[in-house]
Amino acid sequence: MARKKGKSAIQLAKQLAKKDKSIRFCRRCNKLLPIDQFSPSETRLLCREHLRESVRLYRRVNKAKRAIDNIRIRCWVDKKIFGQTASALSCQDIRDMMTADQLNEFSKYSIVPKDPTQQISRSNAQLIMAKCRQYLISCWKVTRDLAQYQHILQLPQFQF
Ligand SMILES: [Zn+2]
């Protein structure tokens with residue numbers, strides 16, 4: 001019977017693994033491996049190596065997500081101070097604006113609008129040192145002076 005080669009090979013491997021308990025199928029290696037290359041749990045469909053790899057990937061993705069959420073929350077708090085009702089800055093925008101190293105140390109950074117009278121967006125956003133943010137926001141609260149706000153944003157302490 002003519003079947004698609006790839007699919008039937010995997011099915012065959014899985015069938016073999018069911019009969020022979022000394023081997024098991026890793027769906028990432030895409031082949032049968034000796035059982036000692038798997039963690040003892042019956043349910044694992046990945047060999048130890050690929051299990052470790054997927055845990056590492058999961059942690060990395062989770063960490064980046066936490067960093068972006070944290071930055072977004074601060075933007076959201078600021079948005080109310082600036083009197084904006086909406087934000088056009090997406091998670092992807094934040095990801096694009098920051099390097100992996102910066103995301104790793106996300107608490108050191110903030111994203112603020114270049115022009116706080118307009119909603120924050122990719123083109124109306126600047127990455128600054130988090131320690132400068134409070135000063136910038138405080139000045140805005142007191143003065144509502146756009147020229148001064150933008151002058152402060154250009155100060156060397158805000159750059160990196
Ligand atoms: Zn594997």
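Domain bounds here come from an automatic or database domain assignment. By that assignment, the chain is divided into domain 1 (7-46) and domain 2 (51-158), and the C-alpha centres of the two lie 46 Å apart. Residues are numbered from 1 along each chain as its sequence is written. This is a predicted model, in which local features need pLDDT of at least 70, side-chain atom pairs count only at pLDDT 80 or more, and totals for chains, interfaces and linings use all residues.

Now for the core. A nonpolar core is a set of buried Ala, Val, Leu, Ile, Met, Phe, Trp, Tyr and Cys residues joined through C-beta atoms within 7 Å. Buried means 20 or more other C-beta atoms within 10 Å of a residue's own, exposed means 12 or fewer, and partly exposed is in between, with C-beta atoms placed from the backbone. The largest core has 17 residues, and Ile71 is among those touching the most other members. Helix H2 (48-81), strand S3 (109-112) and helix H5 (130-143) each supply at least two of its residues; helices (H or I, at least four residues) and strands (E, at least two) are DSSP runs, numbered from the N terminus.

| Residue | In contact with |
|---|---|
| Ile71 | Ile94, Phe106, Tyr109, Ser110 and Ile111 |
| Ala130 | Ser107, Lys108, Tyr109 and Ser110 |

Ala130 lies in helix H5 and counts as partly exposed because 17 other C-beta atoms are within 10 Å.

Terms used. Contact = placed C-beta atoms within 7 Å. Lists of a residue's contacts leave out its neighbours within four places in sequence.
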